[in-house]
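This report looks at how the parts of one model are packed against one another. It begins inside one chain, moves to the other, and ends where the two chains meet.

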Amino acid sequence: MAIEFEAPKPIVQQQYVIKTVAENMMRPVSRYYDEHEHEIPWDYIEFMHTAMKASGAGSLAPKEDKKKEADPNKPKRPPIGYQMLAHMLEMLAWGDVGMYLITPGGGLGAAAVEAAGTPEQKKKFLARFAGEKPTFAAMCMTEPQAGSDTSAIRARAVLDEETNEWVINGEKIFVTAGDKSLTEYEQTGRGFIVVWATIDPEAGKAGMRAFVVEAGTPGVKITKLEHKLGIRVSDTAAISLQDVRVPFENILGSPTVERSTKGFKGAMSTFNATRPLVAATGIGVARAALEFLKEKAAEQGVEIRYGLPRNQLTNLEREIIDMEIMLRSAWLMVIKAVWAADNRQPNALVASMSKVKAGDVVTKITQRVVELLGPLGYSREFLAEKWFRDAKITDIYEGTGQINRLVVARQILGYGRKELS
Amino acid sequence: MYSFLPTEEQQMLIDAVRRFAESDVRPVARDMEEAAEMSADLVEKGWELGVLQASIPEDFGGFGDYSAMTGVLAAEELGWGDLATAMAVMTPNLFVLPIYLGGTEEQKAKFIPEVIEAEWRPFTGALLEYRMNFNPFELQTTAVREGDAYVLNGEKAFVPYGKGAEALVVYAALDGETQAFIVPGDAEGLSVGEEREKLMGINALPMYRVRLENVRVPLENRIGGEEGFDFKTALAHSYVGLAALAVGVARASFEYATEYAKQREAFGVKIAQKQAIAFMLAEMNTEIEASRLLAWEAAWMLDAGKEEAFKQAYLAFTGAMDMVMMVTDRGVQILGGYGYIREYPAEMWMRNGRGFATFSGMAIV
């Protein structure tokens with residue numbers, strides 16, 4: 001082993017393809033869907049489904065590496081699934097982060113099954129993403145009174161021992177792709193949502209479990225589609241669950257409550273994989289904005305004099321250089337976090353740090369780009385103002401910047417919830 | 001491939017340098033700073049760790065392969081120990097590495113082994129000039145070719161061990177291009193200021209103003225010979241070296257503040273239990289890691305000969321000088337009044353941290 005920063009070849013090749021998609025399928029319609037909230041870009045969705053099926057990647061969630069017959073003559077290649085995904089998501093988000101969020105293939109819902117499901121569950125719930133029609137899945141965590149504080153979740157799952165079914169009741173909000181996962185459009189396959197609920201309200205976090213609820217299950221209803229600051233093409237649903245019955249085996253993780261919070265922590269470890277991926281999407285948006293600024297600056301004849309002492313740079317040069325530093329270092333933290341995830345190394349600290357850093361820098365960069373572009377930045381004729389609105393969500397979803405600071409601080413200090421909340 | 005694991009050899013070196021920094025450097029760093037005196041024994045001990053020697057192939061007296069990455073990893077640990085000591089131990093780098101990176105085979109064979117194979121001796125380098133708008137690409141020190149010699153004129157600032165130096169690599173503008181020249185310490189026309197430089201930090205490191213008045217050096221003393229050398233390469237290696245030292249200084253300050261915050265009580269709890277403090281620490285650690293990765297990537301690019309290495313090294317350096325200021329400032333802030341008094345180390349790290357924006361060419365890996 002040695003420290004290296006060369007993107008593996010399969011990733012480079014994939015990037016080339018994804019960039020073409022971003023340029024041709026996303027950018028041309030980016031503005032249209034921003035201004036026509038709740039319209040669905042079926043062309044993109046169907047294209048992505050077909051493309052992913054053809055490439056054998058039914059889902060965006062990384063797969064367990066298939067055990068191939070080990071060839072003793074070939075050096076073993078280390079796994080790169082998460083690294084590949086981070087690059088792919090960054091590039092798609094560079095195209096349009098809202099459209100990336102409604103890429104079929106299961107999103108965070110499938111990721112939860114992938115991370116916490118048994119082999120049987122994975123087989124049962126994930127096969128559909130390679131089916132005939134584009135199919136969606138979503139994660140339902142947030143409730144009106146429970147955002148970052150997930151222990152305040154009130155949704156309740158009770159086991160009906162007679163029928164061996166879980167009965168779920170609760171209200172979920174801010175469900176990304178909730179509409180496409182539950183509404184049975186003629187263009188889509190049958191999706192599902194992963195619902196977080198407690199099986200023992202006394203147990204706090206230890207009682208929290210996730211359940212797979214299939215589209216069409218009686219009692220599940222979309223009550224609202226949100227209107228948002230950005231990522232407007234991505235639907236954000238409020239969902240009510242009333243006496244929703246799902247089979248016993250739809251629970252992800254252990255069905256009994258232990259005294260420890262091991263079960264919860266196990267499920268929360270999904271975040272160690274997904275936080276850097278969310279960071280990657282924010283970085284894609286910020287890169288789009290920064291590249292646009294550099295392009296416009298170049299048109300004005302501005303040349304960035306890398307290497308000049310900073311006290312002799314113009315303000316615009318200084319800003320651009322600062323933004324490049326922020327963006328690159330945030331990206332390297334993402335790479336380190338996903339590299340660790342691929343290699344089964346503990347990555348909770350760097351995963352949360354990458355999210356802290358990305359949340360900060362992508363909002364700063366897109367805000368500055370709008371300022372530095374003057375009227376071109378604020379105008380809706382260009383995409384800079386949209387990227388500014390889109391980027392902001394990076395610091396909010398999948399753990400706000402503040403929650404991630406808590407996570408980072410606790411690890412640095414060796415503190416738990418009790419010592420630092 | 002991506003990988004974030006040092007090689008076994010690198011890890012052993014990191015461990016050795018860390019032990020030295022912890023057991024030998026830390027206990028004396030503050031006293032040396034106050035006395036404005038660098039311990040020769042300490043510098044020799046640091047030199048004997050062989051960080052530079054391990055970076056030079058056997059042909060030229062060393063015992064390893066050159067790697068900017070290894071240099072970066074070691075520099076972080078040295079910087080963590082004490083910046084002045086780190087720069088003292090690394091002073092011969094300022095002479096050896098520009099020759100190794102840009103010199104002809106004859107120059108390498110002639111000048112490197114005598115430095116590498118011996119105990120630490122004052123071989124140094126001189127780039128910086130004393131003016132507000134200093135720019136390494138537009139030096140006021142000049143080199144003019146006259147017959148079989150280059151004639152150097154100008155004044156250099158902050159030259160580590162400038163007094164008593166056995167030889168220096170002096171940077172000068174030759175037809176407007178920055179080039180480097182090997183100048184013996186006893187060259188005619190070379191004079192060193194009587195007084196040491198008086199700076200805000202790194203006071204233990206002896207630095208001097210060096211004047212060159214019609215200093216003649218033979219043609220073969222121009223690094224790279226007739227062709228000259230690519231100054232940007234040397235500068236890039238300096239950027240990553242400084243960035244790594246800055247990461248080390250920041251880490252020292254961060255770790256101290258973290259321990260302090262876990263001990264210090266206010267309002268019935270440890271102050272680390274307050275989000276105002278805990279979030280500062282979280283951000284400090286995040287920025288340190290961000291800078292470290294930039295420096296690593298730039299060093300990797302330099303070793304791999306990537307085209308964008310210079311730009312990346314510049315970004316790493318520029319980012320690190322902001323990072324170290326932010327972190328060391330907070331390192332003082334978290335200690336409150338204790339951060340401001342010289343009994344505690346935090347203020348020293350803050351003064352040292354501010355220097356990186358100025359230390360052009362004063363460290364190289």
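In this predicted model, the side chains of R232(A) and D34(A) meet in a salt bridge, with an N to O distance of 3.8 Å. Between domain 1 of chain A and domain 2 of chain A, the count is one salt bridge.

## Domains 1 and 2 of chain A

The domain assignment of chain A gives domain 1 as residues 9-66 + 78-116, domain 2 as 134-258 and domain 3 as 267-413. The centres of domain 1 of chain A and domain 2 of chain A, taken over C-alpha atoms, are separated by 23 Å. In the contact, 28 residues of domain 1 of chain A meet 26 residues of domain 2 of chain A. About 2,100 Å² is buried between these two domains, and carbon and sulfur atoms give 73% of that area. E37(A), H38(A) and W42(A) supply 27% of the area that domain 1 of chain A buries against domain 2 of chain A, more than any other three residues.

Polar contact across this interface amounts to four residue pairs, both residues of each being at pLDDT 80 or more. On the side of domain 1 of chain A that touches domain 2 of chain A, at least two residues each come from α1 (9-35), α2 (42-54), α3 and α4 (107-116) of chain A. With seven residues, α4(A) gives the most to that side. By class, the side of domain 1 of chain A has 15 nonpolar, eight polar and five charged residues.

## Domains 1 and 2 of chain B

Chain B is divided into domain 1 (8-116), domain 2 (123-227) and domain 3 (231-357). Between domain 1 of chain B and domain 2 of chain B, the C-alpha centres lie 22 Å apart. The contact involves 23 residues of domain 1 of chain B and 23 residues of domain 2 of chain B. These two domains bury about 1,800 Å² between them, with 69% of it on carbon and sulfur atoms. Of the area that domain 1 of chain B buries against domain 2 of chain B, 27% is supplied by E33(B), F95(B) and Q107(B), more than by any other three residues.

The helices α1 (8-35), α4 (83-89), α5 (93-102) and α6 (105-116) of chain B each supply at least two residues of the side of domain 1 that touches domain 2. The largest share of that side, five residues, comes from α5(B). The residues on this side of domain 1 of chain B divide into 15 nonpolar, five polar and three charged.

## Where chain A meets chain B

The contact between the chains takes 48 residues from chain A and 49 residues from chain B. Chain A and chain B bury about 4,700 Å² between them, 66% of it on carbon and sulfur atoms. I3(A), F5(A) and L413(A) supply 16% of the area that chain A buries against chain B, more than any other three residues.

| Interface | Buried area | Share on carbon and sulfur atoms |
|---|---|---|
| Chain A and chain B | about 4,700 Å² | 66% |
| Domain 1 and domain 2 of chain A | about 2,100 Å² | 73% |
| Domain 1 and domain 2 of chain B | about 1,800 Å² | 69% |

Seven salt bridges are counted between chain A and chain B. R310(A) forms a salt bridge with D322(B), in which the closest N and O atoms are 2.6 Å apart.

The side of chain A that touches chain B draws at least two residues from each of β1 (4-5), α3 (81-101), α9 (315-342), α10 (348-372) and α13 (401-413) of chain A. The largest share of that side, 11 residues, comes from α9(A). By class, the side of chain A has 27 nonpolar, nine polar and 12 charged residues.

Strand pairing also crosses between the chains: two bridges join β1(A) to strand β1 (residues 2-3) of chain B, and the strands run antiparallel. In this pairing, E4(A) stands opposite S3(B) in β1(B).

Key:
Residues are numbered from 1 along each chain as its sequence is written. Chains are lettered from A and ligands numbered from 1 in the order in which they are written. This is a predicted model: local features need pLDDT of at least 70, side-chain atom pairs count only at pLDDT 80 or more; totals for chains, interfaces and linings use all residues. Side-chain values use heavy atoms; hydrogens and water are left out. Contact means heavy atoms within 4.5 Å. Buried area is the accessible area (1.4 Å probe) that two parts lose on being put together, summed over both. A salt bridge is a side-chain nitrogen of Lys or Arg within 4 Å of a carboxyl oxygen of Asp or Glu. Helices (H or I, at least four residues) and strands (E, at least two) are DSSP runs, numbered from the N terminus. Ala, Val, Leu, Ile, Met, Phe, Trp, Tyr, Cys and Pro count as nonpolar, Asp, Glu, Lys and Arg as charged, and the others, Gly among them, as polar. Two strands pair if DSSP finds at least two bridges between them. Domain bounds come from an automatic or database domain assignment. A polar contact is a pair of N or O atoms within 3.5 Å; within protein, one must be able to donate a hydrogen and the other to accept it, and residues adjacent in sequence count only if both atoms are side-chain atoms.
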